[in-house]
Amino acid sequence: MIKKINKFVDLSIIASIIFTIIGLCLIIFPDVSLNIMSYVIGGLFLIFGIYLFTINYNSLILTDMIFFGVMMVLLGVILIVYPKLIAQLIPIVLGIWFITDSIVKIRISLSLKDYDDTPWVLTLVLSIISMLCGVVFILHPLASSEVITTFIGALIMIYALSDI
């Protein structure tokens with residue numbers, strides 16, 4: 001039993017070291033990390049798309065997999081040829097999400113202002129700040145993607161170091 005626990009602890013320490021290294025790479029080299037992520041995701045799309053071509057299509061339902069295979073291969077090629085695309089898309093998608101979510105929260109906070117016990121002002125201010133972040137993400141996607149990558153690297157390092 002103790003050997004199993006020691007093995008688990010050893011694996012946990014190894015995983016923490018690996019995550020710390022990944023976090024450091026994301027912090028120190030955010031642009032390179034984004035390119036590597038784009039190549040890896042593009043490669044996985046290519047492999048999965050080619051796999052969908054090789055499936056035995058005896059069933060009528062599986063014949064639609066050819067379309068998905070073509071789409072996966074195309075996405076894979078696009079991500080490999082244009083690695084900055086993923087660095088631009090992530091902040092734009094996050095920006096749109098932040099803006100739409102903020103609009104909903106602003107409407108909720110304004111509807112709560114008639115009640116005395118609700119922190120509607122705090123919700124309103126935080127929603128406006130969140131909306132501004134979304135606008136910045138959309139207007140400056142490459143710089144935003146590097147900030148997001150650095151932030152994710154810091155979170156990964158904090159998680160890894162707290163797990164040791």
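Which helix supplies the largest share of the nonpolar patch? The answer is α3, with nine residues. This is a predicted model, in which local features need pLDDT of at least 70 and side-chain atom pairs count only at pLDDT 80 or more, while totals for chains, interfaces and linings use all residues. Residues are numbered from 1 along each chain as its sequence is written, and side-chain values use heavy atoms, with hydrogens and water left out. Helices are DSSP runs of H or I with at least four residues, numbered from the N terminus.

**Nonpolar surface patch**

- The patch on the surface is formed by I50, F53, I66, F67, F68, V70, M71, L74, V77, I78, V81 and Y82.
- Together these residues have about 1100 Å² of accessible area, computed by the Shrake-Rupley method with a 1.4 Å probe, with only the protein chains shown counting as cover.
- A patch of this kind joins nonpolar side chains (Val, Leu, Ile, Met, Phe, Trp, Tyr) within 5 Å, taking residues with over 30% relative accessible area and no salt bridge.
- Helices α2 (30-54) and α3 (65-81) each supply at least two residues of the patch.
- One of the patch residues is L74, which is placed in helix α3.
- L74 counts as partly exposed because its relative accessibility is 46%; buried means under 20% relative accessible area, exposed over 50%, and partly exposed in between (1.4 Å probe, protein chains only).

**F45 and G76, between α2 and α3**

- F45 lies in helix α2, and G76 lies in helix α3.
- In sequence F45 and G76 are 31 residues apart, yet their C-alpha atoms are 4.7 Å apart in space.
- Not counting residues up to four places away in sequence, F45 touches M72, V73, L75, G76 and L79, where contact means heavy atoms within 4.5 Å.
- With neighbours within four places in sequence left aside, G76 is in contact with G42, F45 and L46.
- G76 is buried because its relative accessible area is 0%, whereas F45, at 24% relative accessibility, counts as partly exposed.
- G76 and Y39 are 37 residues apart in sequence, with a C-alpha to C-alpha distance of 8.3 Å.

**Packing of α5 and α6**

- Two packed helices are described by the angle between their axes and the distance between the axes.
- The axes of α5 (residues 120-139) and α6 (residues 141-163) come within 5 Å and cross at roughly 115°.
- Axes are lines fitted to C-alpha atoms, for helices over the stretch in contact, and the angles run from 0 to 180 degrees between N-to-C directions.
- On the α5 side, V136, F137, I138 and L139 meet P141, S144 and I148 of α6.
- By class, this contact has six nonpolar residues, one polar residue and no charged residues.
- S144, found in helix α6, is buried because its relative accessible area is 5%.
- S144 touches P91, V136 and F137, not counting residues up to four places away in sequence.

- How many salt bridges does the structure hold? There is one, a salt bridge being a side-chain nitrogen of Lys or Arg within 4 Å of a carboxyl oxygen of Asp or Glu.
- The side chains of D101 and K105 meet in a salt bridge, at 3.1 Å from N to O.
- Both residues, D101 and K105, lie in helix α4 (residues 84-112), four residues apart, which is about one turn of the helix.
- D101 is partly exposed because its relative accessibility is 30%, and K105 is partly exposed with a relative accessible area of 39%.

Terms used: Nonpolar A, V, L, I, M, F, W, Y, C, P; charged D, E, K, R; others polar. Patch = residues over 30% accessible without salt bridge, like charges linked within 9 Å, V, L, I, M, F, W, Y side chains within 5 Å.
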